[in-house]
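The following exercises are to be worked through with the sequence and the model at hand. Each task is followed by a stepwise solution.

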Amino acid sequence: ACGAHPVTVDQGAISSGTTDWTSIYTVLTNSTYFGCHAESSSAAGMGFSLGDTGDVCAAYKAVVNKQSVTPMCMGKNLTLVVPMHPESSFLLQKLKTGTPPCGATMPFGAMPLQATNPAVVTALEARITAGAMPPPNCM
C-alpha cells in the first residue's frame, strides 16, 4: 500500500560499506512503502516500477538510465539513476531531500528516507557513485 505509513527497514541489512545492488534492493522492497512501486501495484505509474518482489535484475533495469514518468514531473527529463552521478539521480534526490525538483519525497507523505534510514540512502549513493553496476548474472 502507498502513502504515509511507517517505514520499517531493517538497518542491519545494510552494513557499513555495503553497496551491492541486491542488498539495497532487498532493503527497499522490504520497506512498507515500496508497495507503491511493485509491478502489481495499482500505483505502479508512480514514476517507476521495481518489478515483482525478488526480481533484482528487473528492478535494476527499471531505474538505471531510465527517465522518470512521474505525472507531476513529465517533460523535466529526470533520470532515476545516473551512473557515477548521484547529484543527477532523481531517485536519490527523492529519498534524500524534503524538496525534490518535482513530485513528492519518498516515501510519499512521510519524511524522506534519508531522515529515517540514512544507511540505505548512503549505500545507494555509494553504489551510484561507483558506476551503478548491475547485480551478478544480470544481463
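A disulfide is a pair of cysteine sulfur atoms within 2.5 Å. The model is a predicted one, in which local features need pLDDT of at least 70 and side-chain atom pairs count only at pLDDT 80 or more, while totals for chains, interfaces and linings use all residues. Residues are numbered from 1 along each chain as its sequence is written, and side-chain values use heavy atoms, with hydrogens and water left out.

**Exercise 1. Describe the disulfide content of the structure.**

Step 1. The structure contains one disulfide. Cys73 and Cys102 form it, with their sulfur atoms 1.9 Å apart.

Step 2. The pair connects distant parts of the chain, 29 residues apart. Cys73 belongs to the loop between helix 2 and helix 3 (90–96), and Cys102 to the loop between helix 3 and helix 4 (113–116). Helices are DSSP runs (H or I, at least four residues), as are strands (E, at least two), numbered from the N terminus.

Step 3. The torsion about the S-S bond of Cys73 and Cys102 is about 130°, so the disulfide is right-handed.

Step 4. Both Cys73 and Cys102 are buried, that is, under 20% relative accessible area with a 1.4 Å probe and protein chains only. Cys138 also counts as buried, because its relative accessibility is 10%.

**Exercise 2. Determine which residues of helix 2 (residues 56–63) are buried, and how they are arranged about the helix axis.**

Step 1. The buried residues of helix 2 are Val56, Cys57, Ala59, Tyr60 and Val63.

Step 2. Viewed down the axis of helix 2, these residues fall within an arc of 165°, so they line one face of the helix. The arc is taken from the directions from the helix axis to the C-beta atoms.

Step 3. Just after helix 2, Asn65 adopts a positive phi of about 60°.

**Exercise 3. Characterise the largest nonpolar core and the chain that holds five helices.**

Step 1. A nonpolar core is a set of buried Ala, Val, Leu, Ile, Met, Phe, Trp, Tyr and Cys residues joined through side-chain atoms within 4.5 Å. The largest has 29 residues; Trp21, Val63, Val81, Leu91, Leu95 and Leu124 have the most contacts inside it.

Step 2. Helix 1 (21–30), helix 2, helix 3 and helix 5 (118–129) are the elements that give two or more residues to this core.

Step 3. The chain has five helices and zero strands, running α-α-α-α-α from the N terminus. Of its 139 residues, 46% count as buried.

Methods. Buried < 20%, exposed > 50% of the residue type's maximum accessible area, 1.4 Å probe, protein only.
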